[in-house]
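Hello,

Here is the structure I promised to pass on. Please open it, then read my notes below.

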Amino acid sequence: MENENQGKPKSSKAAFLILLSAILLLVAFPFFRPPLFFLSLLISIFLFISLTESWNLLGGYTGYISLGHVVFFSIGAYTTAVCMNCFGHSPFLTAILGGAVAGGVAAIVGFPVLRLKGAYFSISSLLLAVIAQLIFLNWEFVGGSVGLWYKLMPVGIEANRVIFYEVMLGLALIITFAVRYVEKSKFGAGLITIREDEEVAKTIGINTAMLKLKAFILGSFFAGVVGGVYGYYLSFIHPDITFNVNTSLLILLMAFFGGCTTWMGPLLGAVVLSLANQLIVTFIGAEISRVLYGLILILVIIFMPNGMIEYLKAGKRVRKVQQGWKHA
Amino acid sequence: MRERDSDRPMDIHYLLESVISGVLLGGIYALLSVGFGLTWGTMQVLNISHAVFAVLGAYLAYWSFVKGGIDPLLSIPAVAFLLFIIGGAAYRLVIRPVTKARDVLMGSMVATFGLTIVVENIMSGFWHPDPRLLKPSYTGTSLFIGEIVISKGPLIGFALAFVAIALLYLFLHRTFTGKAVQATWQNPMGAVLVGINRDRVSLITFALSIASAGVAGVGMGLIYSFYPSVQNDWTLYVFLLTIVGGVGSIIGTALTGLLIGLIIGVSAAFLPFIWVNILLFLLLLIILLFKPEGIFGV
């Protein structure tokens, strides 16, 4: 980061100002009294930014594609719901606890599962999601197949939305910046080495097992916190909603679409695809929107397997090289 | 075990019935899985969309039965042929571009994930997501052997699976093309060196595997009700069989199917159904962790 600042101070200062004003604008947005629909839409965008960024810690940087991210999201949601129903604590306070529980489960599960590579890891993470869903469906204490209700916040619907908007925005920002920080750190460099070649990473003395586990736990912690808050926003949680395979799929798709090698990719993917999805569902229909989603996934993996960001960057690099050849 | 949950009379006949129906079911799961193992072994393609084509096969048989009155067993050749064509097209459009990637297994997994969503939602758009069941006259009836009752649907499905797997086996071991497929499986580079057109072999393998999935879908449709999103459950069973058995051979997958069927049968006699699933997937997870090459794997 320091090198970047020294290299081109002006442009990074401008970028910082643009970023700051964009954030301030987003924070102030609800106070312009927009229609509630926009707030809900933005809340769901923030949700997917948070989930995709937290998934990206493991899935993007190390290439260990998890299809079980919803498990940790759900654990967070169930933790805050149980805390609220049994002890009366507000989910805003217990969301951290939800994240901690999710992280703890990730530590226990990740230790054996992260030894598997590639498709084997993906399949076993999918199995984890299925098993966890079956267990929650049959666990009477957490509502089983009936689901769990949260007590509603004692405020009007508008104030309710505004509060959740600000909290989800805060979470999305914190998680995005945390992931960016990790990416630029030594920890992130280690993770990226694992993606490039895990055996080489091991031989140069990187404790790959530990790094993967750390990334998995951190990502799961974030997912748990987000789940805790988002469950409260939904006010009703059920294993079929929170453990939905399609959510895992969306996370994967958004990360791949934007490009999972940088922190910007998931951000871009989540924003673009959430908006596109909303538009298509509203104007054409849910089934067609999902067909389009599938087509996008196929096209993305065939034509830009590293995502949009890398695709754009690579185009620039190729042009530079071509120009270089001409001059030489 | 959790005996307190079963308030049913626990006698030897009941256990036998449970085991027999489990094994019959396992045979159909085996047919559902052989094609998946075949593409994985030969092409290094992990085809998540395998089960969705099985559902498509079930729907094709269903509609020709409901609209045209054609018995599902008679429409099977047509279903298999149609799915062979569809499989070939899917190979050309989706699989072949992906097989050029660095990590074929991951790339194909994500791409076929996309294919699954497309096919599943086209199906639920056309035919609505309500459950359907293939009900020709003979499926509702049962066979009585002494005091043991076996319903005919699974029996016919099992016979169907047996014949289809035997045909696949003969194709792979007796025909020239089949031997080329096997050679590619055993050593892709060597196969190319002795002049086998790898692209053509891959096309045939993939189309054949989709066709076998379609036939298995008809067999499943005779026993269980199906709807577009049921493919999620079927996919899990395909994973279960392929990984427990190991990406080895057709016979290995068939044996694993029977073994899993036996486990389902025995545990269903003692446990509530939901715990059977949890048990099976835990078993799969354990095998993944400790013996990822599978029981019959090479």
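Predicted model: local features only at pLDDT ≥ 70, side-chain atom pairs only at ≥ 80, totals over all residues.

Start with helix α10 of chain A, residues 208-234. This helix has 27 residues. From its first C-alpha to its last it reaches 38 Å, close to the 39 Å expected at 1.5 Å a residue. Is α10(A) buried or exposed? Of its 27 residues, 21 are buried, so α10(A) is largely enclosed by the rest of the structure. Ser235(A) follows the helix, and its phi is positive, near 70 degrees.

Next, the place where the chains touch. Here 34 residues of chain B are in contact with 29 residues of chain A. On the chain B side, α3 (72-98), α4 (104-127), α9 (231-245) and α11 (273-290) each supply at least two residues. The largest share comes from α4(B), with 15 residues. By class, this side of chain B has 26 nonpolar, 7 polar and 1 charged residues.

Two loop residues also deserve a look.

- Arg33(A) lies between α2 (9-28) and α3 (36-59) of chain A. Its phi is positive, about 55 degrees, although Arg33(A) is not a glycine. Arg33(A) counts as exposed because it has 9 C-beta neighbours inside 10 Å, and the cut-off for exposed is 12 or fewer.
- Gln44(B) sits in the loop between α1 (12-43) and α2 (50-68) of chain B. Its phi is also positive, near 60 degrees. With 17 C-beta neighbours inside 10 Å, Gln44(B) counts as partly exposed.

Best wishes

Definitions and conventions:
Residues numbered from 1 in each chain as written. Chains lettered and ligands numbered in written order. Helix = DSSP H or I, 4+ residues; strand = E, 2+ residues; numbered from the N terminus. Expected span 1.5 Å × (residues − 1). Buried ≥ 20, exposed ≤ 12 C-beta atoms within 10 Å, placed from the backbone. Contact = placed C-beta atoms within 7 Å. Nonpolar A, V, L, I, M, F, W, Y, C, P; charged D, E, K, R; others polar.
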